[in-house]
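Let's take a walk through this model together, strand by strand and then charge by charge. Keep the viewer open as you read.

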Amino acid sequence: MSIELRKVGDADIPDWVRSLNVGFLRPPEVSKEEIEFRRGNYYPDRTQGAYDNGRWVATFRSFPQELTVVGGARVPADAVTSVTVSPTHRRRGLLSRMMADDLRAAKERGDALATLIAAEYPIYGRYGFGPAAWTTEWHIDVARAALDPRHAGPADGGRVDFADAAEAREVGPALHERFRAGQPGAIDLPDIWWQVQTGLVPLPHVPANQRFHAVYRSASGEVQGLVTYRTTDVWEHMLPQNTLTVDRLATTTPAAERALWRFLCAIDWVLHIRTGLRAPDDLLPYHLGDPRAARVVQHSDYLWIRPLDIPRLLEARTYPAAGSLVLEVRDAAELAGGRYLLEAGPDGATCTRTGRGADLTLDVGAFASLYLGDESAVRLAALGRVGEERPGALATADLLLHTARRPWCPDSF
């Protein structure tokens, strides 16, 4: 019998989730709570898989998402997740078939791009995705941070207070909306995300009941920061050896960010802090008296995007200077390829198809890496991924597209 590619119905969910867990090397048992969670939070027309001999052997789903681009505009995205292929069915083209089906549907819906968090680097470039935002994690040696051990709270008139899960759920969404308005690469977080992260909807693989929450409020009482973290309870020879792990720290002002890191570094009995996934150009080390107390323990690509509507994407973002470029974008899947004239400036941009000669040639994955401002056209040209057809075009591309601060997506999906 041939392998059937089909959508997932309500009765399929337990076995489909079991296949998903196997693909992610989780225990294959599926709890009633997880089944009910999946039933209430999936899009049947966007959840699919491969079915062979009475068993799900591949999984794939997507959902609607908003992505913040340079300048603060939000574009509609097709968020791809839950992608697995069983070890028994590798190298049979199942992912290619599922991805092609999903991207065609996203294009028809009018999504400007698709997004995903790549579990493995080599897989998604062949589908037109490119790494658009990176992430970095630090380890802080608290004893070497050179901060005043007598620190008793913010000196700016603000305050840090513990919050329970209900309060974190109450203040978190509005804070995130203000945060993502100014952070290229950030995504919207649906209500169910907050319920899961704060433990109001318990899931077996999310240890929400072990988390602490703390809120920073400015002198005027405005919530400007929220941190969620976990701690170990390890003692040796009557001495604490504890590590604090930050699950998420989001702020809307430098004062809030500084205050929350100082708060975490001043918690008694904590010797080490794992920062969680931070922006690749995060200011964290410079909030410490000795920046060397923070060492990088992980630096990796994170958010990948797949352009579907290049004129819409280029017109959505902002530009620091005036300039024009003709981009020849190659797309093997014929979803976003073509020759486009970008005319941009501080007051806005237009992008249209053109018959003019190309200034730059690149594939759609290279365009993805340039779009949010993270990568440099000059660097990609040195790697052979961008061709300069007109002298000076690489410099113009970097002037228009490259940003002073790097994009960042703090949240997985």
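Strand β5 (residues 113–117) and strand β14 (residues 294–307) run antiparallel, with five bridges joining them. Strands here, like helices, are DSSP runs numbered from the N terminus (E, at least two residues, for a strand; H or I, at least four, for a helix), and two strands pair if DSSP finds at least two bridges between them. On this side of β14, Ile 117 sits opposite Leu 303. Strand β14 also pairs with strand β6 (residues 130–141), again antiparallel, through ten bridges. There, Thr 136 is the residue facing His 299 of β14. As a reminder for browsing strands, side chains in a regular strand alternate between the two faces of the sheet.

A quick word on what you're looking at: this is a predicted model, where local features need pLDDT of at least 70 and side-chain atom pairs count only at pLDDT 80 or more, while totals for chains, interfaces and linings use all residues. Residues are numbered from 1 along each chain as its sequence is written, and side-chain values use heavy atoms, with hydrogens and water left out.

Now for the charges. Side chains of opposite charge can pair when their charged atoms come close. Count a salt bridge whenever a side-chain nitrogen of Lys or Arg is within 4 Å of a carboxyl oxygen of Asp or Glu, and you get 30 of them. Take Arg 217 and Glu 167, whose closest N and O atoms are 2.8 Å apart.

Glu 167 comes out partly exposed, at 23%. Another salt bridge joins Glu 4 to Arg 6, at 3.5 Å from N to O; Glu 4 is partly exposed at 39%, and Arg 6 is partly exposed at 23%. Then there is Arg 150 with Asp 148, at 3.1 Å between the closest N and O atoms. Arg 150 is exposed at 69%, whereas Asp 148 is partly exposed at 34%.

Gly 182 is exposed, with a relative accessible area of 59%. Its C-alpha atom is 17 Å from that of Leu 313, which is 131 residues away along the chain.

What about cysteines? A disulfide would need a pair of cysteine sulfur atoms within 2.5 Å, and a search of the whole structure turns up zero. Cys 265 is buried at 10% relative accessibility, and Cys 409 is buried at 2%.

Finally, which residues line the largest cavity? They are Val 8, Ile 13, Trp 16, Arg 38, Asn 41, Tyr 42, Thr 47 and Arg 61.

Technical notes
Buried < 20%, exposed > 50% of the residue type's maximum accessible area, 1.4 Å probe, protein only. 1 Å grid on protein atoms, 1.4 Å probe; cavity = no way out; pocket = protein on both sides within 12 Å on 5 of 7 lines; lining within 4 Å.
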